[in-house]
Amino acid sequence: MRALIALGGNAMTAPDGTATVDAQRAAIGTAADRIADLVATGTDVVVTHGNGPQVGNLLVKNELTAHVVPMVPLDWCGAQTQGTLGYTLTASLDAALARRGLDRRAAALVTRTVVDPDDPDFLAPSKPVGRFLPEAEAQRFVAEGQNWQDRGERGWRRVVPSPQPREIVDAPAVQTLVDAGYVVVAAGGGGIPVLREADGTLTGVEAVIDKDLGAALLGTLVRADVLVIATDVDNAIVGWGTPEARALGRVGVQEMRDIAAAGHFAAGSMGPKVEAALRFAEKGGTSVITSLDRIRDAVAAVASGSTDDAVGTVVVPEPSTAGVA
Ligand SMILES: Nc1ncnc2c1ncn2[C@@H]1O[C@H](COP(=O)(O)OP(=O)(O)O)[C@@H](O)[C@H]1O
Ligand SMILES: NC(=O)OP(=O)(O)O
């Protein structure tokens with residue numbers, strides 16, 4: 001069994017999104033334990049992770065210090081987050097694997113993802129990054145030409161272009177590492193966005209790819225059996241925030257496409273997770289959207305062919321009646 005685990009914000013920062021070093025280390029330590037539990041079952045694991053808070057914070061640091069040291073572009077900031085988070089994740093994973101007496105090691109790979117220069121998101125940025133601010137403060141930055149969006153209860157957040165991932169340049173290297181027995185950390189932040197020039201060379205582009213969409217593509221390319229999107233809720237919910245809310249259990253791709261088209265999943269949060277789950281399942285794999293604590297049970301349920309709805313929202317290639325978990 002091969003699993004691609006996509007770690008969400010709660011696995012990378014404090015529950016309120018605080019991205020201090022201690023908060024990140026603590027969250028990543030917990031995530032590493034859950035992943036090591038899965039590795040202990042004999043599953044091959046590739047891990048990918050978000051970088052929204054971290055890359056947004058780096059962008060701010062860049063801008064604030066531009067009068068002292070040279071600015072670097074957003075794709076460099078993304079690469080830096082892959083480095084720092086890869087370093088922290090591999091350290092925590094190695095320790096968690098060793099605590100379980102497993103003779104396995106982690107390796108992190110700087111990963112590039114090709115995007116389309118004509119992607120419409122370059123003109124209408126949609127990816128929230130960095131910290132939340134009250135509207136009045138956000139409007140000051142809007143006046144300076146930045147793009148900010150109202151993200152609901154927690155306030156406003158800066159948005160940057162988020163083109164679709166088209167090709168993961170380093171997928172063959174990920175495949176080689178996982179085949180060799182490594183727990184591989186790859187395509188962090190969806191991968192560093194690059195354009196493929198006419199002569200075949202790659203040029204970085206200022207954007208942040210959605211990590212769940214990157215995970216779906218990488219999962220297909222490394223022939224994962226299951227894509228697990230680990231977040232802070234147990235299921236995708238139909239009627240989210242309404243009295244009719246119900247948790248989705250096992251659901252077929254066509255039915256899930258119809259539910260998504262009806263607008264049940266918010267853009268910038270559950271929306272891309274459901275889209276990623278669908279893309280992976282449409283290529284023949286099984287996708288699960290669940291909470292971090294359930295990843296081992298979710299993979300076990302998929303491996304055994306169980307229809308247990310309690311493991312999360314399971315999107316399967318074949319048609320199925322939408323179940324209530
Ligand atoms: N229909 C929905 N079902 C479940 N959660 C939803 C839904 N719509 C929006 N959400 C929100 O999506 C959040 C998960 O997305 P996000 O915060 O982007 O995750 P992560 O940081 O783990 O990648 C949940 O905490 C929930 O607040
Ligand atoms: N790149 C990305 O999707 O990061 P988050 O999951 O942290 O938003």
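**Notebook: fold, sheet and ligand shells**

I began with the contacts in the protein chain: of those with a separation of 6 or more, 74% join residues 24 or more positions apart. I am working from a predicted model, so I keep that in mind throughout.

**Entry 1: the whole chain**

I counted the secondary structure next, and the protein chain has nine helices and 17 strands. Along its principal axes, the C-alpha trace spans about 60 × 50 × 45 Å. I then checked the radius of gyration, which is 19 Å; a compact globule of 325 residues would have a value near 20 Å, so the two agree. Buried residues make up 47% of the 325 residues.

**Entry 2: a four-stranded sheet**

I picked one sheet to follow strand by strand. Its four strands run in the order β8-β4-β10-β11, the sheet is open, and the pairing is mixed. Which strands stand at the edges? I found β8 (167-168) and β11 (202-204) there; each has a single partner strand, so one side of each lacks a neighbour in the sheet. Helix α3, residues 74-99, packs on this sheet and touches β10 and β11. The direction of α3 makes about 130° with that of β10.

A reminder to myself: strands of a sheet pair through backbone hydrogen bonds, either parallel or antiparallel. Both senses turn up around β10, as the next two notes show.

- I looked at β4 (residues 112-114) with β10 (residues 192-196), and they pair in the parallel sense over three bridges. T113 has P193 of β10 as its bridge partner, and V114 has V194 of β10.
- I then looked at β10 with β11, which pair in the antiparallel sense over three bridges. Here R196 is bridged to L202 in β11.

The hairpin of β10 and β11 has five residues between the strands, and G200 in this hairpin takes a positive phi near 95°.

I went looking for residues other than glycine with a positive phi, and noted two.

A187 has phi near 55°. I located A187 in the loop between β9 (183-186) and β10. Is A187 buried or exposed? I found 34 C-beta neighbours inside 10 Å, so A187 counts as buried; the cut-off for that is 20 or more.

R223 has phi near 60°. I placed R223 in the loop between α6 (211-221) and β12 (226-231). With 15 C-beta neighbours inside 10 Å, R223 counts as partly exposed, because that class lies between the exposed limit of 12 or fewer and the buried limit of 20 or more.

**Entry 3: the two ligands**

Which residues come nearest to ligand 1? Of the 15 residues around ligand 1, I noted G8, G9, W240, S269 and M270 as the nearest. Sorted by class, the shell around ligand 1 holds seven nonpolar, seven polar and one charged residues.

For ligand 2 I wrote down the whole shell: G8, G9, G50, N51, G52, G189, G190, V208, D210 and K211. By class, the shell around ligand 2 has one nonpolar, seven polar and two charged residues.

Conventions:
Residues numbered from 1 in each chain as written. Chains lettered and ligands numbered in written order. Predicted model: local features only at pLDDT ≥ 70, side-chain atom pairs only at ≥ 80, totals over all residues. Pairing = 2+ DSSP bridges. Contact = placed C-beta atoms within 7 Å. Axes fitted to C-alpha atoms, helices over the stretch in contact; angles between N-to-C directions. Near = placed C-beta within 6 Å. Nonpolar A, V, L, I, M, F, W, Y, C, P; charged D, E, K, R; others polar. Rg over C-alpha atoms; globule rule 2.2 N^0.38 Å.
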